[in-house]
Amino acid sequence: MNEFTTACPRNCYSTCSFKVTLKDGQLTSIESHKDNLATTEGPCLKGLSYIERVYSPDRILYPLKKEVNGNFSRVSWEEAVSVISEKLISLKNDHGAKSVLYYCGSGTKGLLNSVSTNFWKLYGGCTTTYGDLCWPSGLEATRLMLGENKHNSPWDLENAGTIIFWGKNAAETNIHQMVFADRVKANDGKVIVIDPRRTQTSERADLLIQPRPGTDGALALAIANLIIEKKNTDEQFIRKYVHGYDEFREMVKKYDTELVSEITDVPPEYIVRVAEIISRKKPVTICGGFGMQRYSNSGQTMRAIISILAITGNIGKPGAGWQFANLQSHIFDEVKDPVASFPPEKESDGIRVSISTAELGKGILESKDPGLKMAWIERGNPVTQNPETHTVLEALRSLDLIIVVEQFMTDTAMEADIILPAKSMFEQSDVINAYWHPYIQLKQKVIDPPGEVKPESEIYYYLAKAIGLTDGELEGSIPLPGDGNIDNFLEEKLKPFPELSLNRLKAGPVIAPGTEDIAWKDLEFGTPSGKIELYSKETRKRWGLDELPVYTETIENIRRNSSPEYPLYMMTPNTKDRIHSQFNNIEMIKQVSPEPVAQINPDDASKRSIEHGDMIRLFNERGELKVRSVLDYSLKQGCVSLTNGWWIAQGGTVNFLSFGRETDMGHGAAFHENLVEIEKVE
Amino acid sequence: MQKAFVFDINKCTGCSACMLACEIENDLPAGSNWRGISTFNYFRFPEIPVFHLSLACNHCLEPACMKYCPAEAYLKDEKTGAVLLDSKKCIGCRYCSWVCPFDAPQYNKSNRVMEKCTFCNPRLLEDNSSACVVSCPTGALSQETFKKDITVTVPGFPESTIEPAIEFIPLRNSSSIPEFKAKGDKKSFENIIRKKLRSLPKKVTFSSEWSLLLFSFIACIAVSLFGARIYSGFEFDMRLFWGMSIAGLLISLTHLGCKGRALRAILNFKRSWISREVTFFPLFLLFSIVSITLLDFSRLFGWITVFIGFAALFSIDKVYETETRTGWKKTHSGMVFITGLFLLGVFSKSNVIIAWFGFLKVYFYTMRKFHFHKTGGEKRISVSLFRLLFGFVIPAGIWGIYGIDHYNYILASILTGEFIDRIEFYLELEFITPVKKIFEDMLIELRKPKSVKLRSADWDRIIYNR
């Protein structure tokens, strides 16, 4: 029996360390690695299901080519590479390198992901996207307020007097955080959850606040106003470390409790209670979720929430702070997110960064000089996950050639002309960071790729050779095939950090050099003023928004007020059963979550003569979805909730109903802001 | 040393990792259910908490599966307390799944034997923990050495006397749910729960147990026929008696997953009513052969045979008298012992016996039906009508009008009525399962008067510590 250390590279807070066991070369068990203090208990169900996923009969093991009749047939690597390379050469000659779209999602983490961009640079450039579907507005709000994105170590949460899960359902999306939250409860600390849904996270909370979706900013400002009115602010902290407090104080006076109660549909006494708990039960940590920052006003919303912590001195202390993204392990990035994902001021290496990820479909269709002819898609499933599925499909279908690197027949893979089989996490070593805990981890190769699967770095190598590049030209950009070369590539990246080496990482995770256990303990902020900026000139300059975190209604909400045709807020949260659109085809997962369902409040259901278990149709002017209804007595009235990530063949993606629109800051996607109507399918 | 699961309800988020870990460790196909998760308040009704119970075999100190397994296929590992099933000894009769309130033994359709959680015994023997425990992402599931006087009464967990080796850490405050603004219509919710309760898959159904129904009914007729011969010299066709009895035995075999191991069914005569049933009935047949062929119905030997026959019928009734039975647990008019005595009277044409047991049957029948009527159970009025009509009214009518002349019609009518009652007996069999219990307890929890909202004074205390 062989035991190996590795780590899960999914786009997930927990980014668990694993100990995996092999028997006769076959993966037989996955347990958590106890050295990662954030994930000492077991892995989640998705982590366990790798045992099936890696060996799934549905895995794509050979290059596939789409026939005229639409079916896929197996082709050799030689053929696949030659078709692609010939097309690349001719496109470059006829239209220029920018006629090729390179699109990658967040399917897997790792330093080797940089090989992709290196290839496109060597090719002579490409067109690619800026922004991100995930978290930019929250990142940018945090950066503008606090200077950078980091927070206290995960285990510090247990020192909190009060935890506020604001729009975060940790029980499903960051299950290991619940261990620390439970310790707070056991010590008689307070837990508040702010979410239109009653979630598993809220189940042991003291208070569940259910605002109307998109109004969290107003709620935050009302809470801040109450704290100021009751003189519960930390005056000394404000004087020393907060910039723009006077302006902020004047601004929040508008956000009177009664008025905000009307805006948010939260009872005034609850708003008072949250303000009082924050004032009395310190230290306070707010864990901000990602879903609520996918709204058209969400950057300012996030800034408003952080303001509460600033005026109460809940930053830079144990048990306190703003837990949104901890990028302290992103030591390999020269420029960190969100700035790294912004379109560069000056084009370099022939790479045109011109399409907003939030508007991928529209961006592809509207690209000119040159227009797009071909797409290369890896680590992502944009048909399912990007806003406006219809437009994305239309855009992809307008191209001459689509290459998709995938493990399974996803909605996007179905659109491909050539599918190249992708490796699983166990089939090539890589070094990964995280965004909740501060560990650097080795995602170790433990088995050989099955069939004719090749890691992306190797695919790029052969492609580079086929378009005429020499080994000398590839040096430092694309590693030669072979595990030894990959290890050398990684060692080279680790070199600047004496604490890190592949051998050390094989033993277990290592806390990233320079990590602060308590973020901003020194209370020095990387903002223009060096203080926490309640008033931020950069916000105005960069995004054209108010310097103060004022509340504005979301675009869809304004529309709702004027035309009540689609009166229901469609919430599209993540689930414990998947990472976005990954894992839903695995039998082990299907036994837990067999089909997409829409949760609705019984009052909304009975108004439409819908009963539990009925097939219902959700629709708006953009599209429709048919799913089964599930009654949820505690879901806020006027909301309907269905998890994102289902493939079209499994019942459909929520993005048939979403709209491609950027968030107010950060170039995020405001695609959680959707209105629909529902009806029973007869 | 008996090990025990410890389950902290506060910590479990219902994530299902334990289920997957179990399937991986034991190489089971997805959906195997050695460990299952049941959710209390799946519909998130505002006034009651939502929580989950992750349950597998509780490796009881007094395991019912082991005690009542007719084939002695179970054993308990003294070193860990693990209750283990030897699949090579199991005859696939499924009786362990009836007597286990936790739904631990599962029928494997491909092997046609039972299977269940092994406690990951090999891991325990190596001082490791079970796979489900190791894989729990929140630490809700753990393992300890079993202690007496632990909490095992939580909503959704079936009560029993078999001493399950599981300890629950109950909710910190059992009525604690977050305060929030939402109200639900209790009536519509209760209706949904009741509907759900009715639609839950039943452990024992008429269609799954038709072979047992036929066997037990045939056994009942055979014993009473022979009894009537001894009691009153009632003459009957011997070929019919043999044919029927042997057919009954063969039919009962079809109930077994593993028919080749049928003889194992008598091994646990000491404790299992199934073993007694399958010992006494063939013994009755053997004795009746001797009695008929060698002793020409000699009285003493005849009565011994009748006694053994009724012992078989008594054992059959006892098989169904499990601790896990819910619903109607009192005497059922379709039980074969009382039916046997009634038919003994009918075959013997003994008015006294007919009157006594006929009266008892009608009494038990109406009692039960009134109970169902009161508790909202299935009433099946037309079935009742047929049962009473064929069983009592028609035969009494024929007897009243034509006297004993049309005895065969009377008999046929009575047997039809009794057969309907026996079918109803199977239809009305109910056993507790964790899933069922959780819905039942939700109804109870809903009816408890409680103030959901904390008074502002409570909040003052919480916020200001005063």
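Trainee: What makes strand β23 (residues 597–600) and strand β25 (residues 623–631) of chain A a pair?

Mentor: Four bridges join strands β23 and β25 of chain A, which run parallel, and since two strands pair if DSSP finds at least two bridges between them, these two count as paired. Here strands are DSSP runs of E of at least two residues, and helices are runs of H or I of at least four, numbered from the N terminus. Val597(A) stands opposite Arg628(A) in β25(A). This is a predicted model, in which local features need pLDDT of at least 70 and side-chain atom pairs count only at pLDDT 80 or more, while totals for chains, interfaces and linings use all residues. Residues are numbered from 1 along each chain as its sequence is written, chains are lettered from A and ligands numbered from 1 in the order in which they are written, and side-chain values use heavy atoms, with hydrogens and water left out.

Trainee: Why is Lys46(A) called buried?

Mentor: Buried means under 20% relative accessible area, with exposed over 50% and partly exposed in between (1.4 Å probe, protein chains only); Lys46(A) has 6% relative accessibility and therefore counts as buried.

Trainee: What does the side chain of Lys46(A) reach at 2.7 Å?

Mentor: The side chain of Lys46(A), a residue in helix α1 (residues 45–48) of chain A, reaches the backbone oxygen of Lys576(A) at that distance.

Trainee: How many residues apart in sequence are Lys46(A) and Arg578(A)?

Mentor: They are 532 residues apart in sequence, yet 6.8 Å apart in space, C-alpha to C-alpha.

Technical notes. Polar contact = N/O pair within 3.5 Å; in protein donor to acceptor, adjacent residues only side chain to side chain.
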